[in-house]
Amino acid sequence: MGEPRETELRRDVACPFCGLACDDLEIEVAPQQLRLRKGACPISRAQFERDLPADARPQIAGRESERDAAIAAAAGILRESRLPVFGGLGTDIEGLRGALALADRAGGVIDHQGSRGLFADLTALRDIGTMSTTFSEVRNRADLLLIVGPDPLPVMPRFLERCFSSEPTLFAETGIERRLVRLGPDSDAAPELPSGLRYCHIPCSVGELAPTVGRLRALVKGRAGGDAALSELAGAMRGAGYAVIAWMAGLLPPESADLIVLSLVEMVRDLNLSHRAACLPLAGAENLTGANQACLWQTGYPLRTSFASGAPDHDPHIHSAHRLIESGEADALLWISALGGAPPPVTNSDLPLILLAPPGTGMSSPPAVFLPVGRPGIDHAGQIFRGDGIVALPLAALRPSPLPSAGATLTAIAAAMGSA
Amino acid sequence: MTLIKLSGGRIFDPANNRHGEVGDLHIRDGRIGSAAAPGEPIDQSFDLAGKIVMPGGIDIHSHVAGGKVNLARALMTSDHGDHGSAHDAMRRSGSGYATPSSFLTGYRYAELGYTAAFEPAMVPSNARHTHAELVDTPMIDKGCYVMLGNDDFLLRLLAEEAEQQVINDYVAWMMRATRSIAVKVANPGGISAFKFNGRELGLDIPAPYYGVTPRRIVAALSRAVRELGIAHPLHIHCNQLGVPGNIETTLATIGAAEGSPLHLTHVQFHSYGTEGDRHFSSSAARIAEAVNGTPHVSLDVGQIMFGQTVTASGDTMAQYRNHRLAHPRKWICMDIECDGGCGLVPFRYRDKNFVNALQWAIGLELFLLVKDPWRIFLTTDHPNGAPFGTYPHLIRLLMDRSFREDMLRTIHPAAAAASALSGLAREYDLNEIAIITRAEPARILGLADRGHLGPGAAADITVYSDQADKAAMFAKPDFVFKDGRLIVRDGKLMDVVWGATHTATPEHDPAIEMRLVDHFERFMTVRLGNFRISDSEIEALGRGRIAAHRATGPALA
């Protein structure tokens, strides 16, 4: 695209900064700045309007260098490494393709910085399956939405506005009479609720979630007794036309997340014996969903897959990037934070870090190699997955940028590995 | 300009009436061209004396990409643990047999002599994902059939009794927006009905909320496809998949198209009667009789093969019904974006199970009873009936009666007794195999330069050594050429290439877009401009290419 001489208003811009991936943003693009005019939330405002240096030079050990030299240095680190970890993965589909190709070639392990919650969902899926739904279905069909666990709205601010509003739906000209129930700990802020919504909060500490969900499941199956609020909720779920249970597994307590998700999926399956109901696992910040999808189609496995022994090998515990870094098994770390929200972990200084991130990314100490990259959806076009796993969206280049994409940078590293 | 000469092979090119005659082929810059002029240098020669030469195989119905395939991969990690392969200088690593990863899908199709495969069940809202996977699927040409007929926009149009022209405009817009080559309908109305808690839907039952019958959906969509001039007829997965007695629905569906061409897909799953002690019987003969007498109807079989697989379907109503049969006992159903759904149910088809054994026999009966090879296609509904890796075995079952009889003696005896299979003497010959796996798939998709070896055709060519054991023969081609490049030798990959994505580009009144903008802004969570896929998304990375086909009329008159 050409240099914008003056302010230009871009409509229907997709936002890649949380799993909702709202695509109704209006953004005023001026030569030096972006201003959100419509569809803003605290996260998109912070990201789009963040004032980043437009350009930066690569660095080797904190010293500015030519790009070719930095690419060669990154290739050298990966060539020397016996077990490189490819982490962060906050990037678009092209960036993920680049990361997967490089990890395959270098015999590394691939994982996303936000995958802990994903594996609670995937463990249940692999054990028993699921019955799930997508945002537009919730928007048009759901008459009861139960959100389990800590409040997801701070990390998905427009969730209710987008998926559970009182606007007309496909099947109700005047909107559906809707009920929202939140089962979980108190939220820091009172939720901003769409008008006309019946809302109730059943307080439940994080530690009590697993047994409470278990009790709710028993009540949904028709067993009597217990807490009045839970009994009433179970009755409402059994009476709903299309009940949706949403949760964000990354916010659930790690020690019981698997159990909670499994119980919720079983609850939805019980409800479906006579009515319709569906799960809506919420996730997807930093294109987590896209990272998992691309890993699945390219390797046959979800994230936390290793190429160290040739054929892809998946293990959600052994091949956790976090674990490999902590244990010292990883001997190089390539970290991608092109979407700007996943700072690299603080690691011991022996672990060489190759960092692909936008200029201005905060670092505790200079990485072995820093390769500045553009942000997809701002500096270059791309594609991203929404958190419901079905819809992928195109990302626009909002302004001309000298910054290469993460994908092009990773491809250049792979080429440098081959030519040396 | 490069010139490659393939000399002395027996050429099976049914589209050009060549039935095994010995001849030479010349490849000029990736296409079939003229012989060398006097003195013209030949860059490369292959002596194919005694070899069998065919166009590259084309699979018209194979679930190779998209959300449901990825869900199947996530569900079936054991399929992947048992079938991994490492990267090498040429290949990417990957895993899986029933649902191979994208690179392996391309490599394995090529190693079987296939040069194209079509994803037949793309939910519109999942189109970007599906194409992104296909961009990562090397070796073969590909394309997608967009699934309509359970989308709320179309059902609203039908409920409002919109004019056919509006429906045509919508179908054309949708095909272009999702970069599709054909239109598929799965369980017309039934996937939508399931979202309203409907658990079954017959052809003449008004669907919940809309009051529209599946018959009306079939009529409107088949007519739209015909009037738009799309080559491939409406690709229909009928109502009541897998239900004993569904033969009546399948036969009535042919009538529902009101004379428009129709392609009945994975008909094996739709050919069941209710006779016998077990109230489950073969109705293959009735289907074959109907198809034999109806020139505007084609079918693919969806043969089952014994073993473990996973079924991946848009038909949530059927998949939910069948989840009790899941092996292993896990399954997925998903309602999708007011335009479709998907369901994943793992299956282990067992030869000693009466129903599975009879399903196997019903598929073979269909192959042997449908007379016109130009209207039947070899499919296993990969991976639903069986993974595509079983094709060589299936070809042997069709070509070798004594092999078939040996197999028949090993299945559940009551199923063998209930099937007409033992009385069917027909054996497919190489020419018929070339029709059902090459010539006819290209013709019915409107791919004028594929599926044949006439002048100007793309040089997608497979060369086999004739062997008595046809499974061994078709499992390991001597040579495979893709667009003139040698990609496989002795069944092993030699080179990695990237095929085209075939699309159809029917015309429509742009006014339909106003209605769609309104619909998307009021009800959906995606904007219309972002829903639509651009060519650059497929042609990115320099390894995708769109081959757009103008809509020039139905392939079946």
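Hi everyone. Two strands count as paired if DSSP finds at least two bridges between them. Keep that in mind for the first stop, and remember that we are looking at a predicted model.

Let's start in chain A. Strand β19(A), residues 382-385, and strand β20(A), residues 392-395, run antiparallel and are joined by four bridges. Within that pairing, Q383(A) stands opposite P394(A) of β20(A). The hairpin formed by β19(A) and β20(A) has six residues between the strands, and there G389(A) takes a positive phi near 85 degrees.

Now, are the faces of β20(A) buried or exposed? Both are covered: A392(A) and P394(A) are buried on one side, and L393(A) and L395(A) are buried on the other. In general, side chains of a regular strand alternate between the two faces of the sheet.

The axes of α5(B), residues 152-159, and α18(B), residues 512-523, come within 12 Å and cross at roughly 120 degrees. The crossing of α5(B) past α18(B) is right-handed. Which residues make the contact? From α5(B) we have F153(B), R156(B) and L157(B), while α18(B) brings R515(B), L516(B), H519(B) and F523(B). By type, the contact residues of these two helices divide into four nonpolar, one polar and two charged.

Notes
Residues numbered from 1 in each chain as written. Chains lettered and ligands numbered in written order. Predicted model: local features only at pLDDT ≥ 70, side-chain atom pairs only at ≥ 80, totals over all residues. Heavy atoms only, no water. Axes fitted to C-alpha atoms, helices over the stretch in contact; angles between N-to-C directions. Helix = DSSP H or I, 4+ residues; strand = E, 2+ residues; numbered from the N terminus. Left-handed = near helix turned anticlockwise from the far one by under 90°. Contact = heavy atoms within 4.5 Å. Nonpolar A, V, L, I, M, F, W, Y, C, P; charged D, E, K, R; others polar. Buried < 20%, exposed > 50% of the residue type's maximum accessible area, 1.4 Å probe, protein only.
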